[in-house]
Amino acid sequence: MKIVVIGGSGLIGSKVVELLAAQGHQVVAASPKTGVNAVTGEGLAEALDGAEVVVDVSNSPSFDPDAAREFFENSARNLFPAEAAAGVGHHVALSVVGADRMPNIGYMGAKVAQERLIAASPIPYSIVRATQFFEFLDAIAATGTDGDTVRLGPVLFQPMAADDVAATVADVALGAPVGGIVEVAGPERSRLDEVIRSVLRAEQDPRKVVTDPAAGYFGAVVPDDALVPLGEARTGRIRLSDVRPVDGGGR
């Protein structure tokens, strides 16, 4: 079938495109790089012509709350009418585990707003909520860094590989719409500060990770279980130690 991947040139999108194409589907990698812009509507009608499934893994280029919300809302306003006109039968979107439990983080609020627009649209849908990616651990560490010290909260943490995220998204895209949320997380659960500490130590990074409950996550205090699934969830197969050196020694 024809599947259009919005954000098909990005980290997750390019992997989804590759997985679906390998299974013999006609896949369109739709992004501004290929002349398709969901935020402005440019090229959408042409890209969606004949599509049965749309996978939206696009992401706001800014984490500013207002900018992120505007990105997702404008994209939705253009996508859903175009999908309806093309007869698309399944809209799949990538979101974040626990987004609705972190209202004090503006980007998470923007993702929740996107989820609500998806649920309110006439297009049958599935939302895939994933935990944080291994590929973003350095960025998470940077948010808590002050000189040689990294302050992070000891919240539960279950990160996963981008390859596992893409595999889940592709699998959901090939199934029937669930009309709700599918959650996926990494195979190992630990604590945010412990994971970052083990990676930095293994890579001989001179920074010292200090456990600080007030530091939370991206500078915001969040519930202890905000970053992990609370109920039934799929589990990725790739462990952090498969892709990066980790040190399980003492603090």
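Student: What should I keep in mind about the model?

Tutor: Residues are numbered from 1 along each chain as its sequence is written, and side-chain values use heavy atoms, with hydrogens and water left out. The model is predicted, so local features need pLDDT of at least 70 and side-chain atom pairs pLDDT 80 or more, while totals for chains, interfaces and linings use all residues.

Student: Why is H1 called oblique to H6?

Tutor: The axes of H1 (residues 11-22) and H6 (residues 162-173) cross at roughly 55° and come within 9 Å. Angles under 35 degrees count as roughly parallel, over 145 as roughly antiparallel, 65 to 115 as roughly perpendicular, and the rest as oblique. H1 is therefore oblique to H6.

Student: Which residues make the contact between H1 and H6?

Tutor: Contact means heavy atoms within 4.5 Å. H1 brings Leu 11, Ile 12, Lys 15, Val 16, Leu 19 and Leu 20. H6 brings Ala 162, Asp 163, Val 165, Ala 166, Ala 167, Val 169 and Ala 170.

Student: How do you know that the span of H4 agrees with its 15 residues?

Tutor: The expected span is 1.5 Å times one less than the number of residues. For H4 that gives 21 Å, and its end C-alpha atoms are 21 Å apart, so the two agree.

Student: What about H3 and its expected span?

Tutor: H3 (residues 65-86) has 22 residues. Its first and last C-alpha lie 31 Å apart, close to the 32 Å expected.

Student: Which residues of H3 are buried?

Tutor: Buried means under 20% relative accessible area, exposed over 50%, partly exposed in between (1.4 Å probe, protein chains only). In H3 the buried residues include Phe 71, Phe 72, Leu 79 and Glu 83. The buried residues of H3 pack against S1, H2, S3, S4 and H4.

Student: What makes Gln 204 exposed?

Tutor: Gln 204 has 71% relative accessibility, so it counts as exposed. Its place is in the loop between H7 and S11.

Student: Why is Phe 218 called partly exposed?

Tutor: Its relative accessibility is 42%, so Phe 218 counts as partly exposed. Phe 218 lies in the loop between S11 and S12.

Methods
Axes are lines fitted to C-alpha atoms, for helices over the stretch in contact, and angles run from 0 to 180 degrees between N-to-C directions. Helices (H or I, at least four residues) and strands (E, at least two) are DSSP runs, numbered from the N terminus.
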